[in-house]
Amino acid sequence: MAALAYTRGRREINQYFSVSSAKGLALAAVLLLAAGHAALRYYPGHDSCEHLVSSGRFLGEKVWQPHSCMMHKYKVSEAKDCLADKRVAFVGDSRIRQLFSSFVKIINPQFREEGNKHEHIPFEDKAAALRVDFLWHPEVNASMRQCVKVWTEEPAGKPHVVVAGAATWSIKAHNGSEEALAQYRANLTALAPLLEKLAKGSDVYWVLQDPVYEDLLSENRRMITNEKISAYNEAAIGVLNGSAKNAKSRVRVFSVSQLIAQETIMESVDGLHLPESSRETSAMILMNVCCNKVVRPIDGSCCQPPAAPTLTQKLAAGFFVLAVAGCLALHLAQRHGPRRARPCADAELGEEKKAAPAPPACPSEVVLQSCCKLGLIMAYFYLCDRADLFMKENKFYTHSSFFTPIIYILVLGLFYNESTKETKVLNREQTEEWKGWMQLVILIYHISGASTFLPVYMHIRVLVAAYLFQTGYGHFSYFWIKGDFGIHRVCQVLFRLNFLVVVLCIVMDRPYQFYYFVPLVTVWFLVIYVTLALWPQITQKKANGSCFWHLGLLMKLGLLFLCICFLAYSQGAFEKIFSLWPLSKCFELNGNVYEWWFRWKLDRYVVFHGMLFAFVYLALQKRQVLSEGKGEPLLPNRMSNLLLFVSVVSFLTYSIWASSCKTKAECNELHPAVSVVQILAFVLIRNIPGYVRSVYSSFFAWFGKISLELFICQYHIWLAADTRGVLVLIPGSPTLNITVSTFIFVCVAHEISRITNDLARVLIPKDSSALWKRLACLAAFFSGLLLLSAVQGDPRR
């Protein structure tokens, strides 16, 4: 009864909600969200710079998240490069002095305050030709006004950035009287025009007063209450906002430190001055304000205008515009022609099927429609991660943010279970299920920032290795059984693996190696192909006649293993090979191939292990050693139980080791040799019991069919800033935002998978002569890309 209710319920849902209707809903959501975010840009105060200096929240105890944008953590070298040949001036009281000190420590971590704190403090880095000065002016009075006036009259000596603020000394000196507040307002009113004039050529920030922790204040500071501070801040905002007549003030009010202080002032030593961590956060915000537009860090989207599109991106945009226009023209033409049979939803599968046979679309029509849809999808990619339309936020890891979604998807995966069509080891449904749940776990790992938690990091490394294991297993099995070493097969695989990445390299202006997993599986596929295709070509059919051929294949595999070992322990030889032109264009990242070397070395043996496992398994299967019937254990009971016990122990042993590992470097060193232990343990646990081998999760398998597209698309339309942040479509509601962005992301990945399959069928013909012509055109296309890259240089940061 439960199974019947489940089947009827699923049919009822799929009858009204098919894949096509889901994609239509996703398209509508994108249009509405894009329109909403575009409308927000026209309202004052809705740019990322304003958000950076005025709003935000703590993600954890010391992790500050500005509203709607990402804050970069500056290194010493980056700060010096940004501020070279510049002067920064901090003007104010002891609180501004502490902010000055934290700011200078970003440039020089060894800086220490020395001497009298109630006087000017200079800092200079002669090598970088930069100066940062603190000028002691604890009250807004004639002395501060004269200081600013000199800068307005002598442009040659004025600072590039001015950070000013004061109030607590006025409150303390006049015992918090109303007359002192009135005088403060009058003095600031006289100072404001000078600040406004200075702001025409410099960046000027007025720091509002942070709250105090009144219980910790000493007796001579008891008059500095939060009520008084609020009154002084209101006076400052009123004066500064009204200083520019009929225009927005150029002096920016730095109010974000108030929000930071509200959360941390309890940690203050004296109740007045903020703890060091809070001052460091405020200083880092200032550094982002000053430097993001200069350094342009990928993970610093605040105050950073979008980069101008490259020539290649402009040409790609023109191509997709023409494709969309052509598709619209074709649609209008078809409206006046004979109508095709309309699709209807398959209630069982949630997919579409034809109500009646229709004539197949001509190849040119398929290509045009695919390019049109791809153009619209690429526009969404660009808006998400290259334009300044949607918001971005930093990642922040907590155990609940990783493990809670894992539990959710595990429950869903177990709920959607079905019987497999075949019960062989690693059958098609099972491998798709394996890819599916691994991909979902990897997605959660990326969006939660779980790489900071070493045990999770090591287990995710095993999942990546398992993908490569399947690469070795799957391609070896195909070539061994089919013996098909034709160019058509190679082109089909390479096209399906690389089509989306090549398009993204053009549209998103990123190198091929940036999407590291695709180069990895591509190179390993070619290695498998070359190993088996080279003379002598040994296939299962040939090997059945003589055991000699099995020995020959093992010798081939042994030679491959020796080559892997040589390259693994000869970094120089590896880098020389992949630094050769034009290979260097594919495998360089940031000007060298070290990243490619690191990625390849990390999982260097696992593809070989997959090939060897496939050889052993197919040999045992051919000799009928294995029992692969429905519900039957793979081996005799005693042997099955023993292998199951060893597998479970091995699986748990690896997990214990990964959890006790001290550093990533130590773990990564051992990972290539030991990752296969947990992979093989999982394969045996999943396949030895007949009842486990006979069922699979259709939920996980559905995601497994689009696992490659999910892995690649996440870079730009689920994560943000090239995976360093999180895309924010709906600000202020993290749960709703992740739900909506995930829904759109999955729909896009599914549609790209369909487009890739459609184009592969048309662009990779089985006819050899036609295929070679297409390859010649492809070679010309990539030659053009190389020429364009040489003409426009390297615009990437």
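In what order do the three strands form an open sheet? The order is 11-15-14, and the pairing is antiparallel.

## Basis of the model

This is a predicted model, in which local features need pLDDT of at least 70 and side-chain atom pairs count only at pLDDT 80 or more, while totals for chains, interfaces and linings use all residues. Residues are numbered from 1 along each chain as its sequence is written, and side-chain values use heavy atoms, with hydrogens and water left out.

## The open sheet

Strands (E, at least two residues) and helices (H or I, at least four) are DSSP runs numbered from the N terminus. Two strands pair if DSSP finds at least two bridges between them. Strands of a sheet pair through backbone hydrogen bonds, either parallel or antiparallel.

At the edges are strand 11 (391–394) and strand 14 (719–720), each of which pairs on one side only. Strand 14 is joined to strand 15 (residues 725–728) by two bridges in the antiparallel sense. Leu719 has Val726, in strand 15, as its bridge partner.

## A nonpolar surface patch

A nonpolar patch on the surface is formed by Leu554, Leu612, Val616, Leu620 and Val625, which together have about 350 Å² of accessible area. Patches are made of residues with over 30% relative accessible area and no salt bridge; nonpolar side chains (Val, Leu, Ile, Met, Phe, Trp, Tyr) are joined within 5 Å, and like charges within 9 Å. A salt bridge here is a side-chain nitrogen of Lys or Arg within 4 Å of a carboxyl oxygen of Asp or Glu. Accessible areas come from the Shrake-Rupley method with a 1.4 Å probe, and for residues only the protein chains shown count as cover.

Helix 24 (residues 606–622) supplies the largest share of the patch, three residues. Val625 is placed in the loop between helix 24 and helix 25 (637–660). Val625 counts as partly exposed because its relative accessibility is 42%; the cut-offs are under 20% relative accessible area for buried, over 50% for exposed, and partly exposed in between (1.4 Å probe, protein chains only).

## Disulfides

A disulfide is a covalent bond between the sulfur atoms of two cysteines. The criterion used is a pair of cysteine sulfur atoms within 2.5 Å, and a search of the whole structure finds four disulfides. With the bonded cysteines of the protein chain numbered in sequence order, the pairing reads 1-6, 2-5, 3-4, 7-8.

Cys49 is joined to Cys303 with an S to S distance of 1.9 Å. Cys49 lies in helix 3 (residues 48–54) and Cys303 in the loop between helix 11 (276–295) and helix 12 (311–335), so this pair ties together parts that are 254 residues apart in sequence. Cys49 is buried at 12% relative accessible area, and Cys303 is buried at 6%. Another disulfide, S to S 2.0 Å, joins Cys82 to Cys291. This link of Cys82 and Cys291 is left-handed, with -90° about the S-S bond. Because Cys82 lies in helix 4 (residues 76–83) and Cys291 in helix 11, the pair ties together parts that are 209 residues apart in sequence. Both Cys82 and Cys291 are buried. Cys661 is joined to Cys667, S to S 2.0 Å; Cys661 has a relative accessible area of 8% and is buried, and Cys667 is buried at 0%.

Cys586 counts as partly exposed, at 31% relative accessibility. Cys747 is also in no disulfide, and the nearest cysteine sulfur, that of Cys713, is 12 Å away. Cys747 counts as buried, at 11% relative accessibility.
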